[in-house]
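Hi there,

Here is the structure I promised to pass on to you. Have a look at it first, and then read on for my notes.

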Amino acid sequence: MQVGIIGLGYVGIPLARRISQCGQGVTGFDIDAERVSGLNGGRSPIKHIADAEIGTMLGDGFEATCDFSRTAECDALIICVPTPLGKTREPDLSYVVSTMESLAPHLRAGQLLSLESTTWPGTTEEVLRPYVERAGLTPGVDFHLVYSPEREDPGNPDFDTRTIPKVVGGSTAACLDAGVRLYGLFIDRIVPVSSTRTAEMVKLLENIHRSVNIGLVNELKSVTDRMGLDIFEIIDAAKSKPFGFTAYYPGPGIGGHCIPIDPFYLTWKAREFGVHTRFIELAGEVNAAMPRYVVDKLITALNDRSKALRGSKILALGIAYKRDVDDTRESPSVFVMELLRDWGAEVHYSDPNVAVFPRMREHSFDLASVEVTASSLASYDAVLLLTDHSAFDYGMIAEHASLIVDTRGAFRDMPANGKVVRA
Ligand SMILES: NC(=O)c1ccc[n+]([C@@H]2O[C@H](COP(=O)([O-])OP(=O)(O)OC[C@H]3O[C@@H](n4cnc5c(N)ncnc54)[C@H](O)[C@@H]3O)[C@@H](O)[C@H]2O)c1
């Protein structure tokens, strides 16, 4: 069997690697010619996938290409392209639509098409299916159409593509059957659901659940802080309850491609049905206010030292959106850095996984990662811990930084000497 993966990013590459490991042929399709030639030259664009692993895939027959006519050679096509929000926070399906435009002339009988990009319930039926039908094909008769949400968790050592159960919904019963058989070739456990819409909604439920619960602990953090209580101690103790409680941790906001974005796909679609998704909006509001909360804490702490934020030298620790990854998309650390710059601070950052501040659509800093040493720490008016990293030496930071604003609870065991501020 030959499987085509469309979109060779954080989702597409691990999936291509897994399919290749199972002895199936894999062709990768992308519009980014640089990425395609890099992959064909054995270079991985993702930190947690080593170049050597791309080398192994190439040895097993993997090839990347920008030539979409070659999708006709594939028995199954899996779409893993971005689904961001537009400027007014409405779903931007342009990548999915342009993928379908590229695929449409080459679709043929006998193929299976699966969408994995996160999206609103109805996308597979309302956006993809018309392309299939216009190509003269009928899902469930001579073509198979499914939706199967991606659940990749970059940097998580406990689960990989093979062991994360895969939800699949089909356009018809025959489509579902074909989808279950396809994914069953390279994933341990398949969870079939009754429709593509249900599968699309499953993914949104998972991400809304996270967004709302993170919003809740972020709100509780501001309350416990006023009460002089430590939210991390409270969560850790609550976690001892063996049932009915799931731990979520506060932070400087939410980041990554999924949690800050996907819930609003449902908000948008729900309006068509006359429903307002108030929990989603509220969680979004609370989480989006967190960077400002962190900066306010810093301003107060500097004020206590008779210092202004304007002109202060601040080091932001961790700019990826979560621990030990290199992905800075929607990272709250970047929003904090922008606020600091707006207030006139001289802001630098340190992130072992992000050597140079990346090219981003809406943010720009001409900065390279600062090495965290005793002397570099001593040169800053304050250090902000925004994202944990396993390489950070918290003991050394505690010893040499003059002021630490801690959003992750990493310094909670330090003696209360006025140096550490919880934020
Ligand atoms: N990153 C994650 O952890 C994660 C987890 C679960 C779900 N998802 C979902 O998976 C989807 C993909 O996310 P990602 O993080 O892999 O994105 P990504 O930006 O890492 O990769 C997307 C790739 O698609 C390519 N692309 C864009 N338009 C294309 C087109 N028309 N044809 C072919 N290739 C095209 C881009 O060049 C890029 O290489 C999104 O819907 C996201 O919400 C991501």
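Predicted model: local features only at pLDDT ≥ 70, side-chain atom pairs only at ≥ 80, totals over all residues.

Let me start with the ligand. It is surrounded by 27 residues, and the closest are Val 11, Asp 30, Thr 83, His 257 and Arg 329. By type, this shell splits into 12 nonpolar, eight polar and seven charged residues. Helix H4, which spans residues 94–103, contributes the most to the shell, with three residues.

Several side chains have an N or O atom facing a polar atom of the ligand within contact distance. For Asp 30, the distance from such a side-chain atom to a ligand oxygen is 2.6 Å. The side chain of Arg 35 has an N or O atom 3.4 Å from an oxygen of the ligand. On its own the ligand has 840 Å² of accessible area, and the protein covers 93% of that.

Now to the surface. A nonpolar patch there is made up of Leu 216, Leu 220, Val 223, Met 227, Leu 229 and Ile 234, which together have about 500 Å² of accessible area. Helix H7 (residues 196–227) supplies the largest share of this patch, four residues. Leu 229, by contrast, sits in the loop between H7 and helix H8 (231–238).

How values were computed: Residues numbered from 1 in each chain as written. Heavy atoms only, no water. Near = heavy atom within 4 Å. Polar contact = N/O pair within 3.5 Å; in protein donor to acceptor, adjacent residues only side chain to side chain. Areas by Shrake-Rupley, 256 points an atom, 1.4 Å probe, with all protein chains shown as cover. Helix = DSSP H or I, 4+ residues; strand = E, 2+ residues; numbered from the N terminus. Nonpolar A, V, L, I, M, F, W, Y, C, P; charged D, E, K, R; others polar. Patch = residues over 30% accessible without salt bridge, like charges linked within 9 Å, V, L, I, M, F, W, Y side chains within 5 Å. Salt bridge = Lys/Arg side-chain N within 4 Å of Asp/Glu carboxyl O.
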